[in-house]
Amino acid sequence: MGDVHGPTAADGVDDAVALRAELERRAQLVDELRQELDDTNRGLIALHTELEAARLSEARLAAIVAASDDAMISLGPSCLVQTWNPGAERLFGQAEQHIIGQTIETLMSDAARAAFLAAVEQIRSWGHADSYQSRWRRTDGTEVEVAVTVSPMRDANGGLIGFATAARDVTHQLAAQAELAAARADREVMAERDRIARDLHDMVIQRVFGAGLALQGVTARITHPDSATRIHTVIDELDATIRELRGTIFELGQPAQKAASLRAQVLDETATAQDRLGFAPAVEFDGPVDAALPDATAAHLLAALREALSNVARHAHASAVRVAVHAGDELLLEVTDNGCGIDPAVTRSSGLTNLRRRAEKLGGTFEAAGRPEGGTRLRWRIPLTTESPARTP
């Protein structure tokens with residue numbers, strides 16, 4: 001019968017050591033797992049914080065886009081509208097649900113489309129595009145002046161995925177710039193008018209005045225009555241010339257104002273001549289006088305009328321004058337007086353020469369002739385062409 005051995009004390013010790021080691025290993029594994037969980041939790045917290053910051057940043061950006069008065073539009077690679085902010089709706093009158101998925105080119109004329117496509121091509125070729133000004137179309141058909149900026153939108157790998165487009169209404173800005181430019185131009189014109197006025201006063205008037213004084217000195221030594229009369233006539237004309245020059249100088253010193261209707265200006269000219277004539281001329285109009293005349297032509301007509309009335313005041317000794325303005329296929333200014341008539345010496349006067357030159361400059365004619373019943377009739381006429389810009393009635 002063999003020996004039977006039970007568990008010894010040594011076996012128990014070994015089992016306890018092994019169990020302790022296993023427990024320690026498992027405890028270490030648990031610690032490692034806990035550490036990994038802690039690290040993962042911290043990572044998740046950090047990721048959540050970043051995502052929340054990104055969400056808040058995106059929300060702020062969306063709020064800025066929504067509140068902007070500028071049109072902010074995102075486009076796909078083929079220029080189809082992907083987003084459309086309220087500023088775009090206010091500026092162009094197009095609701096978001098009607099424009100999303102449509103091409104941005106529906107807002108553009110041919111010229112605006114060419115400028116926009118050129119900016120897109122710059123981005124494709126060079127990565128950026130310069131801002132530019134254009135005219136885009138509203139839904140009601142009107143156009144608005146806009147400053148346009150087109151920028152690339154790219155994915156994480158740098159690939160082009162669309163275009164961010166901003167359009168700012170610059171209508172008021174351009175109007176302000178135009179007003180500033182006009183103000184500067186007015187200042188330059190006024191400065192030039194001041195210079196001309198000084199030259200007229202300091203040089204021309206003084207020379208004419210000196211010539212008049214010289215003639216007055218000569219008159220005292222002339223015994224022939226006809227010669228003295230003629231010299232006195234010349235002196236009177238020099239005095240009238242000085243008065244007209246002074247009137248011109250005064251007008252040059254006044255700010256330029258928007259022209260009134262031609263009818264009103266003709267009536268003003270005849271009213272001004274009343275003091276020189278001693279009576280009020282009769283005035284007649286026939287045809288679309290205001291509508292038919294370009295501004296430059298109207299200015300020539302008024303100058304011709306002024307010259308004609310001045311001639312009547314100087315030479316005619318009339319008691320009545322009729323001014324008639326007719327507009328049709330041609331423009332006719334007729335000034336008729338009941339004075340002493342016209343003679344060859346007056347026909348060659350500088351005033352009549354100026355009237356003839358003004359008419360010929362515009363392709364027209366001028367004639368001055370005596371009337372059978374007495375007096376003189378001046379006819380100043382020019383053609384009116386369809387190419388000439390019409391005045392506003």
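We're looking at a predicted model, so local features need pLDDT of at least 70 and side-chain atom pairs count only at pLDDT 80 or more, while totals for chains, interfaces and linings use all residues. Residues are numbered from 1 along each chain as its sequence is written, and side-chain values use heavy atoms, with hydrogens and water left out.

**Overall picture**

- Of its 393 residues, 28% are buried, meaning under 20% relative accessible area with a 1.4 Å probe and protein chains only; over 50% is exposed, and in between is partly exposed.
- Take the contacts (heavy atoms within 4.5 Å) with a separation of 6 or more: 55% of them come from residues 24 or more positions apart.

**Confidence**

- pLDDT, the predictor's confidence in each residue from 0 to 100, averages 81 for the protein, and 85% of the residues score at least 70.
- Over residues 386–393 the pLDDT is below 50, though this stretch has 17 contacts in the model beyond near neighbours in sequence.

**Helix α5**

- Helix α5 covers residues 171–219, and its 49 residues should span 72 Å at 1.5 Å a residue; the end C-alpha atoms sit 68 Å apart, which agrees. The expected span is 1.5 Å times one less than the number of residues.
- There's a bend of about 35 degrees at L200, taken as the angle between axes fitted to the seven residues ending there and the seven starting there.
- L200 is also one of the buried residues of α5, along with R193, A197, I205, V208, G212 and T219.

**Aromatic cluster**

- The whole structure has 3 aromatic pairs: rings of Phe, Tyr and Trp (its six-membered ring) with centres within 6.5 Å, called stacked with planes under 30 degrees apart, edge-to-face over 60 and tilted for the rest.
- W84 and F92 make a tilted pair, 6.1 Å centre to centre with 40 degrees between the planes. W84 is buried at 4% relative accessible area, and F92 is buried at 1%.
- F116 and W136 pair edge-to-face, 6.3 Å centre to centre and 75 degrees between the planes. This pair links distant parts of the chain, 20 residues apart: F116 in helix α4 (residues 110–126) and W136 in strand β3 (residues 132–137).
- Both F116 and W136 are buried, and W84, F92, F116 and W136 form one aromatic cluster.

Key
Helix = DSSP H or I, 4+ residues; strand = E, 2+ residues; numbered from the N terminus.
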